[in-house]
Each structure stands twice: as C-alpha cells, then as structure tokens.
Number of protein chains: 2
Amino acid sequence: MTEEAIIASLVGPVGPGTPVGPGHDAAVLPGGVAWTVDTLVEGVHFAAPLTPEDVGWKSLMVSVSDLGAIGARPAWALLSLSLPRGDGAWVAGFANGFHEACRWSGVALVGGDTTRSPSGRFVSVSLGGPLVGPARTRGGARPGDELWVSGPLGAAGLGWRTPNPPPEAVRALARPEPPLAFALALAASNLASAAMDLSDGLSTDLPRLCAASGVGARVVSGDVPLHDVLIGRPDAWAHAVDGGDDYALLFTAPPTHHDRVLAAGARTMTHPRVIGSVTADPGVEVIGARWPGSAFRHFTGAPRA
Amino acid sequence: MTEEAIIASLVGPVGPGTPVGPGHDAAVLPGGVAWTVDTLVEGVHFAAPLTPEDVGWKSLMVSVSDLGAIGARPAWALLSLSLPRGDGAWVAGFANGFHEACRWSGVALVGGDTTRSPSGRFVSVSLGGPLVGPARTRGGARPGDELWVSGPLGAAGLGWRTPNPPPEAVRALARPEPPLAFALALAASNLASAAMDLSDGLSTDLPRLCAASGVGARVVSGDVPLHDVLIGRPDAWAHAVDGGDDYALLFTAPPTHHDRVLAAGARTMTHPRVIGSVTADPGVEVIGARWPGSAFRHFTGAPRA
C-alpha cells in the first residue's frame, strides 16, 4: 500500500447520519459542521518569491476553498506552526497575512500550537464551519449535467512552473482568492449536483470528481477559460489544466439550473463558465486538445503533495 | 513580542455565547463542541526509543488529554502527516498505533492530509468532541478549593530525562493513557471548579492554572504521588514536578465535593489525590520541598515546546 492508502484505510465513517466521509474536500460531522485540514511545507508548497505574509494568507485560503466547495461557511480555525528558532520576524509577517485572510473569510482563530522545527517551516490549518445547505460532495454528478468552472485558470500554474513569472502570476500563486461567496450562494440554493475545488488542476481533479460520481465527462477545450496572463503563450493550455493552485470551483449542475447559476455568479461578481458536460460513459474526453499528460507533472512535481 | 505572543494576539473570541477561548486546553465552539490541536515533531517531541506505533498512539493521546481536561468526549480527529519520501514502513507502524488509540478513546479519524517533508516527521492532530457537562476551564479555581491530581507523576519525565531509563518509564513516555473516563465522570457531574492536563509538569502547569483563575496554591510536597518507578531515587521530586508528559489531570474542587470526587475515581479505576489547596494570595507555595527550578528545564529542554 502507498502511504496515502495506509492513512486512507484508517479514515472511518463519522457516525450515523453523517453524509460525508473521506475522499471529499471536507468531513461533515453530526450537526452539519464541516472540517478540513491542510498543511503547507516550506520548500514543498511554498518558497520565494512568496513572502511570510503570502504564506499566512494562503495557508488559510487553501482550507477556505475546501469548505466553500463542500458548501460550508468558514468559521473557526486551529493553527499549528512548526518553526525554526528565532523566527520572530517571519512569524510577524505570517501573522499579518493570516489575520488578513481571517478578516476576508470571516474566520476566527480559536486555538493553536507552536512547536520547534529542526529545519524548515510547517503550517497546518484545520478549518471548520456550518453547512449553508445540503452537503455538496464530489459524488452527485449525473449524466447530462453541465460542467462548470467558476473562473479563469492557469495563472498560479504559470507562477510556480516558469522562471521569472510575471507579477500577476506570482500574485495568483501567492494570494489565491477562492470564490467563497459564489460557492456559498450555489450551496444555499442547492444548485450544483457535485463540486470540488481545483487545487491540483483540471486534468487531475476532474477525473477525481468523475470517479466519485461514477460518471465521465466531456470537456470542450476552447471553452476552458484561460487567465489573461496566459494569452498568446504556447504553454497556456498546460498551465490551465495541469498547473493547479487555482482554487477555482469545479462543479456540475442540471441544465435547467443554467440561468440560476449565472444569476448566482452575477450576485457574487463571479463569472462561471460551462466547459463541457457529464457523460454516462466513464473517462474524461477532451475535445480540441489533449491533457498535457502525467509525465510532465511527474517531472516538475505538483505544488500540493 | 515572542512568537507565541504574536500568535496569541491573533486568537480571537469565537463568538457570542462561547465560554472558552485561547489559553485553555481546547476551544469551545457554539453548539458545545470542543476542539484542540497538537503537533509532535521528530527530534523535538519524539525520538528513539519511541517506535512508530508509539508515535501513532501518543499523537492522538496528547489531544485526548486536552479534551478530557475541558470536559469533552473525544469524537473526531483530523490528521496531518508530513513525511520524508519512501516512508511506508514507518507509516504502517504509525497507523497501527494511531488506530489503537482511536479504538481506546472512541475517536473516528474523519479526514487528513499527507505532505512531503524535506527532513523529519511532523504529526499534527486536531481533535474535536462534544462537552459532557459545562465547559471546565483553568479559570474556575476558588480559594479554599482542594487541589487534586488524578494519579502518580514522574515516570514519563524519567523516561525522557535520563539515559537508559527503565522500561516502565519508557512505556509511560511512549504510551500515555490520560484519565479520560475519570475526567469525563468529573465533568458530567460538574464536580471540579477548574482543570487542566499536566503536559509540562506541575511546576509549570500549576502556576498557569492559578494565573487563569486569579488565585494561588499551596502544595504539600509529601502528598504529591510519585510513580513507583521513582521510589528511592534522589531525583524523584524533580521528575515528578518538572518532567512533564504525564497527562494526568490537575484539578480543583470544593471540599464539599471530596467524597464525590473519590467516588468518581472509584467508578473509573482512578485514584485521585489531594496535593494541596487553593489560596487567595497569588503565587504557588510548596511545603516541604522546592520547585527544582527553571534553570534545569532550560538546560535540558522541555518535551513539549
């Protein structure tokens, strides 16, 4: 078994009446409260040019993205920091960014733990909050549903996969803003049949959503929205679907909900776009392009281990 | 400001009606659910002779101890592991110990995150569960209360502070068993006025409880129960009050509750003992001995940073 498989084998059902267990963006506990945990490791998930402030911001936002995906309002964070000795200046910057992210997302830091790290910094955030509607998992997509993304992709991928990236790409990597208001608007109206956040890229995450739902998907490559910073670049498609770290929302919804999804987007200043459809046949078909392929990912390493 | 002070400055109130915020063993959220987080770092909090199984057990138990102290039944864990490459054998052992601890404490692992560590292993556990009575903090001790510990101290301290410790001391260090049933029995009957778990040793933790309650304490050194493994050792007192890692419960209760506390102990096969009393004058007075002193702690390093 792989390490992930060993850990996964430990994850058990939460209890009677609990709809969401392992393999989703967050666990849903009795009482309708969702919890998730994410760890950022220096040298693996962050490095220069990210500042301490950026790491503070991002360490909360990756979990805000998970809770939004499952349809829960982020509310309470627990922070665990493992730091080298004498790290006061770094911590002060980190705290500013983390605090800013708390204000942005309405989160209260309710507890934490600070430990010594022999080398490198480790930031682990557990985040919980109440569902605003029925729990929305990766598992509800149905053939015939439209496949949506909440916004343009690829800027963060450009930010970490190329030398000397443009400032806009660094900003996307360093200061992700998950579409929280939009995700919660969708959840409160129960418009989406399935959802997940795009942390590892469409080419990795869409097959996961399909597998969880027991369906396939057809993606129209020309309909996948590319971030402005990618315009005219020959590697645009690769960054958009393989880069990851976008924290956009990938979701499915019945075509009858199309206009209501657009209206939820308009209310929350988000511009969701249909990029394909859900199919009964398993597997993901891409029309007009190909996935760049896993070889590339393995060569460069994914940003989120 | 110290790093801890910077982080502490970020911890905010949880919301209206929430009784317990920072500075206690766990946060209590609306709905009466408590959450805590603890991280164990290789080379700081664990090393040989602890096995991977031991680390799995202990990583959950340190948080089980916190929830018991606040009076909450451990229920749901989130596990974050940061590991070197190719760590499958270690993870398999860890998983066995962690699973054993989940069964012992009635906890379901509901989610997690596995990341790559450039060096060394980091284990972070967030643990939540419902209160079984009113939240019991460090802040409720009143002058005239009796001061109790739930059981004998010092074996774990001997385990990590001396070369070639006896097996019983290693076991105490590696396989702590917090007095969970007793802690919850006390909490359900609301017998204790204040409580905390003894993770850093009586000489460090008792002043914290006193400060949180705005009181002082008088400890009768001869009444502090020493673990059998310390009998006849000249360093027994130092290990008992300075060693830490005991995860016994330190608590206060009105003298009128004395017999009911003993009865709760009898029901849960625990032998709590009065070690002194709570005073109106601030400060901690020890009768018949002295705290070994902070110089020793600073020289050896505390097990829990």
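1. The buried residues of helix α7 of chain B pack against β7 (194-198), β8 (216-220), α8 (236-242), β9 (248-253) and β11 (283-287) of chain B. Helices (H or I, at least four residues) and strands (E, at least two) are DSSP runs, numbered from the N terminus. The residues of α7(B) that are buried are L202(B), S203(B), D205(B), L206(B), L209(B), C210(B) and S213(B); buried denotes 20 or more other C-beta atoms within 10 Å of a residue's own, with C-beta atoms placed from the backbone.

2. This is a predicted model, in which local features need pLDDT of at least 70 and side-chain atom pairs count only at pLDDT 80 or more, whereas totals for chains, interfaces and linings use all residues. Residues are numbered from 1 along each chain as its sequence is written, and chains are lettered from A in the order in which they are written.

3. Just after α7(B), G214(B) takes a positive phi of about 70°.

4. Chain A is divided into domain 1 (9-130) and domain 2 (146-298), with bounds from an automatic or database domain assignment. Their centres, taken over C-alpha atoms, are separated by 22 Å. In contact (C-beta atoms, placed from the backbone, within 7 Å) are 17 residues of domain 1 of chain A and 17 residues of domain 2 of chain A. Helix α2 (residues 52-70) of chain A gives the most to the domain 1 side, with ten residues.

Notes
Contact = placed C-beta atoms within 7 Å. Buried ≥ 20, exposed ≤ 12 C-beta atoms within 10 Å, placed from the backbone.
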